[in-house]
Amino acid sequence: MIAVPDLSAVKQALAAQRIETPSWAFGNSGTRFKVFAQPGVPRTPEEKIADAATVHRFTGAAPSVALHIPWDRVDDYAALARYAGDLGVSVGAINTNVFQDDDYKLGSVTNPDPGIRRKATDHLLEAVAVMDATGSRDLKLWFSDGINYPGQDDLRDRQDRLATALREAYDRLGDDQRILLEYKLFEPAFYATDVPDWGTSFAHCVELGPKATVCIDTGHHAPGTNIEFIVAFLLRQDRLGAFDFNSRFYADDDLMAGAADPFQLFRIMYEIVRADALDPARGINFMLDQCHNIEAKIPAVIRSVMNVQEATAKALLVDRAALAAAQRCGDVLEANAVFMDAYNTDVRPLLAEVRADQGLDPDPVAAYKRSGYQEKITADRAGGEQAGWGA
Ligand code: LRH
Ligand code: MN
């Protein structure tokens with residue numbers, strides 16, 4: 001508990017911060033209009049992991065990489081985890097994919113067809129087997145399931161089908177494994193999504209048991225949603241498992257975390273700090289989930305890690321004693337001023353110090369650009385099919 005910010009404790013907390021990167025952020029991505037291929041993009045899960053390890057090498061704060069199955073399918077997941085370990089990172093959350101198969105047009109685990117539900121549920125179980133091999137704790141479940149027209153299917157029946165599949169996945173978990181149930185308001189479904197909001201995810205998690213937690217993707221809410229309220233609420237219920245950080249101006253834009261709305265990211269991280277939930281030991285997985293459609297991918301992920309660090313540093317600098325005093329006596333303006341003082345603090349010199357203390361370059365993006373890694377992968381990876389969405 002930090003009353004008046006104690007800088008050495010703030011620096012310690014920042015040095016201990018861990019942000020998980022997504023393997024798919026290094027692959028080609030785009031929109032339905034166009035996917036712009038980039039030189040040097042990885043072609044294999046190993047090359048994605050090498051890029052994630054490079055982000056960690058320059059930031060010191062990204063020691064794990066989330067995988068997506070089947071995008072990162074290999075014959076030997078234990079060997080892949082060892083490969084990651086040799087590069088100084090670990091395999092993090094395992095993401096399922098029941099949104100890209102023709103069979104899932106009318107839904108995956110919620111599909112009216114029991115055979116298709118079986119197929120989708122088996123994929124969830126396959127992902128847990130991958131976790132057993134990689135030593136991962138988190139099974140990350142996002143369902144694109146939903147309907148486009150009223151009457152297309154029965155909303156209640158779909159919830160029952162979803163609960164049945166979740167129960168089977170939950171019961172397959174090992175003791176140290178857990179579910180991260182991600183919600184999303186819409187897209188690809190445009191009338192009703194089966195896990196559309198935090199309340200639905202939370203209710204299913206409570207129904208399942210203590211190893212089921214909610215994953216908040218910051219791009220998955222209706223415009224104007226107060227996400228930090230959801231964070232505060234789920235922390236109080238001890239059901240906040242993870243974040244998929246990114247930012248957006250309109251919908252699920254998947255832009256760099258903190259790029260579109262750094263103030264929102266600060267407010268979210270303040271609720272984390274306020275609940276003493278920043279410490280990795282508290283078990284919240286701070287992940288990025290982004291797509292770099294036009295910008296260079298590795299520097300974009302490095303910049304995103306830095307944006308989360310900056311929001312966190314500002315949150316750690318809130319004068320909690322002064323804030324509590326102003327709140328207690330109803331001094332609205334003073335309370336807001338104390339909050340904004342922290343937000344308006346330039347924390348870049350502080351983070352430069354934290355990096356220097358870790359033997360890292362104070363400016364990871366500049367250091368990456370000087371490293372020659374981009375030129376090396378562009379040369380090494382010329383030819384061969386690039387990973388990601390078909391260019
Ligand atoms: C869905 C989502 C989910 C991932 C996917 C790559 O929009 O946020 O977390 O599976 O993006
Ligand atoms: Mn996500």
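These are my entries, from the whole chain to local details.

**Ground rules**

I am working on a predicted model, where local features need pLDDT of at least 70 and side-chain atom pairs count only at pLDDT 80 or more, while totals for chains, interfaces and linings use all residues. Residues are numbered from 1 along each chain as its sequence is written, chains are lettered from A and ligands numbered from 1 in the order in which they are written, and side-chain values use heavy atoms, with hydrogens and water left out.

**Overall build**

I started with secondary structure and got 14 helices and 10 strands. Helices here are DSSP runs of H or I with at least four residues, strands are runs of E with at least two, and both are numbered from the N terminus.

Next I looked up the radius of gyration, taken over C-alpha atoms, with the globule rule being 2.2 Å times the number of residues to the power 0.38. For 391 residues a compact globule would come out near 21 Å, and the protein has 21 Å, so the two agree. The C-alpha trace spans about 60 × 55 × 40 Å along the principal axes.

What share of the residues is buried? I get 55% of the 391. My cut-offs are under 20% relative accessible area for buried, over 50% for exposed and partly exposed in between, using a 1.4 Å probe and protein chains only.

For contacts I count heavy atoms within 4.5 Å. Of the contacts between residues at least 6 apart in sequence, 78% join residues at least 24 apart.

**Charges**

I counted Lys and Arg as positive and Asp and Glu as negative, leaving out His and the chain ends. Each charge sits at NZ of Lys, CZ of Arg, CG of Asp or CD of Glu. There are 40 positive and 57 negative charges, and their mean positions are 1 Å apart.

**Salt bridges**

My rule is a side-chain nitrogen of Lys or Arg within 4 Å of a carboxyl oxygen of Asp or Glu. That rule gives 28 salt bridges.

E47 is in helix α2 (residues 45–59) and R381 in the segment after α14 (373–380), so the pair ties together parts 334 residues apart in sequence. Buried or exposed, this E47? E47 counts as buried at 16% relative accessibility, and R381 counts as buried at 5%.

D194 and R158 came next, with an N to O distance of 2.9 Å. D194 sits in the loop between β7 (192–193) and α6 (198–208), R158 sits in helix α5 (residues 155–172), and the two are 36 residues apart. Both D194 and R158 are buried.

Then I checked K184 and D252, whose closest N and O atoms are also listed at 2.9 Å. K184 is in the loop between β6 (178–182) and β7, D252 in the loop between β9 (240–245) and α8 (262–274), and 68 residues separate them. K184 is buried at 7% relative accessibility, and D252 is buried at 18%. I also noted a network in which shared partners join R43, E47, D51 and R381.

Most residues other than glycine have a negative phi, and most peptide bonds are trans. I went looking for departures from that.

The peptide bond from I69 to P70 is cis, with omega near 20°, and P70 lies in the loop between β2 (64–68) and α3 (77–86). E187 and P188 are also joined by a cis peptide bond, with omega about 10°; P188 lies in the loop between β6 and β7.

D238 has a positive phi near 55°. D238 is in the loop between α7 (227–236) and β9, and counts as exposed at 60% relative accessibility. D276 has a positive phi of about 50°. D276 lies in the loop between α8 and β10 (285–288) and is partly exposed at 43%.

Q152 is in the loop between β5 (146–147) and α5, partly exposed at 35% relative accessibility. Which residues does Q152 touch, not counting those up to four places away in sequence? I find L106, G146 and I147. The C-alpha atoms of Q152 and L106 are separated by 9.3 Å, and the two residues are 46 apart along the chain.
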